[in-house]
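Please read them with the structure open.

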Amino acid sequence: MSEQTLSDPIIQFSNIKFSYDNGKNLVLDIPQWQVSRRQHMFISGASGSGKSTLLNLLSGINSPDSGELLMLGQSLTNMSGRELDKFRAQKVGVIFQQLNLIPYLTVKDNILLAVYFATKKEQLNIQNKIESLTEQLNLPLSILSKQASELSVGQQQRVAIIRAMINEPEILIADEPTSALDAQSKSAFLQLLFELVNNTNCTLLFVSHDTSLVSYFDSEVTMSELNQAAVQVQKELGDVY
């Protein structure tokens with residue numbers, strides 16, 4: 001657990017601006033945004049509204065052009081590339097839309113890759129942790145020796161959760177993780193996800209265009225509310241959303 005108190009925001013944006021062309025065309029312009037510890041936030045937005053770019057900033061893949069981005073009380077804007085990589089691996093779990101499992105590796109080896117990048121010395125009981133998470137997500141332990149390519153989509157989804165949670169992150173980011181699932185499977189997936197994040201006191205940021213899922217979350221923000229650059233683009237296109 002970080003040195004922050006439970007009342008402190010776990011994420012703080014202040015005058016964040018980001019572009020891919022040296023400021024000529026802003027992709028993100030976020031004056032202020034805060035996320036509380038243990039909050040379960042649903043983030044939605046139209047295509048091109050900056051959702052993916054926002055996730056890249058939150059996960060440390062990109063750095064803002066200007067402004068201050070604090071996570072867990074630490075300034076990501078002042079970190080070196082190596083420091084960002086370490087912070088991301090140890091503090092932030094990500095469930096990708098495409099899952100990003102390596103098909104020819106076993107399930108266990110896919111999970112161990114996340115452990116390797118975090119390089120936490122205290123991960124001595126990693127086998128027990130992998131098995132515990134596998135059982136919590138209602139998967140048989142025998143699945144750990146299977147190649148990822150042998151799994152169903154639903155099984156791959158749950159393995160992706162294990163990989164994202166194995167380092168006990170304080171923040172979990174889920175990027176359209178239910179896009180390939182039917183309604184019943186979505187409900188089962190979210191039930192498992194919430195059970196796990198609640199057990200670990202993890203803050204959840206869930207990005208999706210599927211607004212039917214909003215009722216599962218305790219808070220919601222749209223990119224049109226958050227990102228002034230997205231609003232400006234839509235005004236120029238004459239499209240209000």
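1. Phe42, Phe194, Phe206 and Phe217 make up one aromatic cluster. Rings of Phe, Tyr and Trp (its six-membered ring) pair if their centres lie within 6.5 Å; planes under 30 degrees apart count as stacked, over 60 as edge-to-face and the rest as tilted.

2. Basis of these notes: this is a predicted model, where local features need pLDDT of at least 70 and side-chain atom pairs count only at pLDDT 80 or more, while totals for chains, interfaces and linings use all residues. Residues are numbered from 1 along each chain as its sequence is written, and side-chain values use heavy atoms, with hydrogens and water left out.

3. The pairing rule gives 6 aromatic pairs. One of them joins Phe18 and Tyr20: the ring centres are 4.8 Å apart and the planes stand at 90°, so the pair is edge-to-face. Phe18 is buried, at 5% relative accessible area. Tyr20 is exposed, at 52%. The cut-offs are under 20% for buried, over 50% for exposed and partly exposed in between (1.4 Å probe, protein chains only).

4. Phe206 and Phe217 form a tilted pair, with 5.0 Å between centres and 50° between planes. This pair links distant parts of the chain, 11 residues apart: Phe206 sits in strand E8 (residues 203-207), and Phe217 in the loop between E8 and strand E9 (219-222). Helices (H or I, at least four residues) and strands (E, at least two) are DSSP runs, numbered from the N terminus. Phe206 is buried at 0% relative accessibility. Phe217 is buried too, at 10%.

5. Which residues have the most contacts inside the largest nonpolar core? They are Leu172, Leu193 and Phe206, in a core of 39 residues. Such a core is a set of buried Ala, Val, Leu, Ile, Met, Phe, Trp, Tyr and Cys residues joined through side-chain atoms within 4.5 Å. Helix H6 (183-199) is among the elements giving two or more residues. H6 supplies the largest share, 7 residues.

6. Leu193 touches Ile95, Ile161, Leu172, Leu204 and Phe206, leaving out residues up to four places away in sequence. Contact here means heavy atoms within 4.5 Å. Another core lies apart, with 31 residues, including Ile11, Phe13, Met41 and Met223.

7. Helix H1 (residues 51-58) has 6 of its 8 residues buried, so H1 is largely enclosed by the rest of the structure. The buried ones are Lys51, Thr53, Leu54, Leu55, Leu57 and Leu58. Just after H1, Gly60 adopts a positive phi of about 80°.
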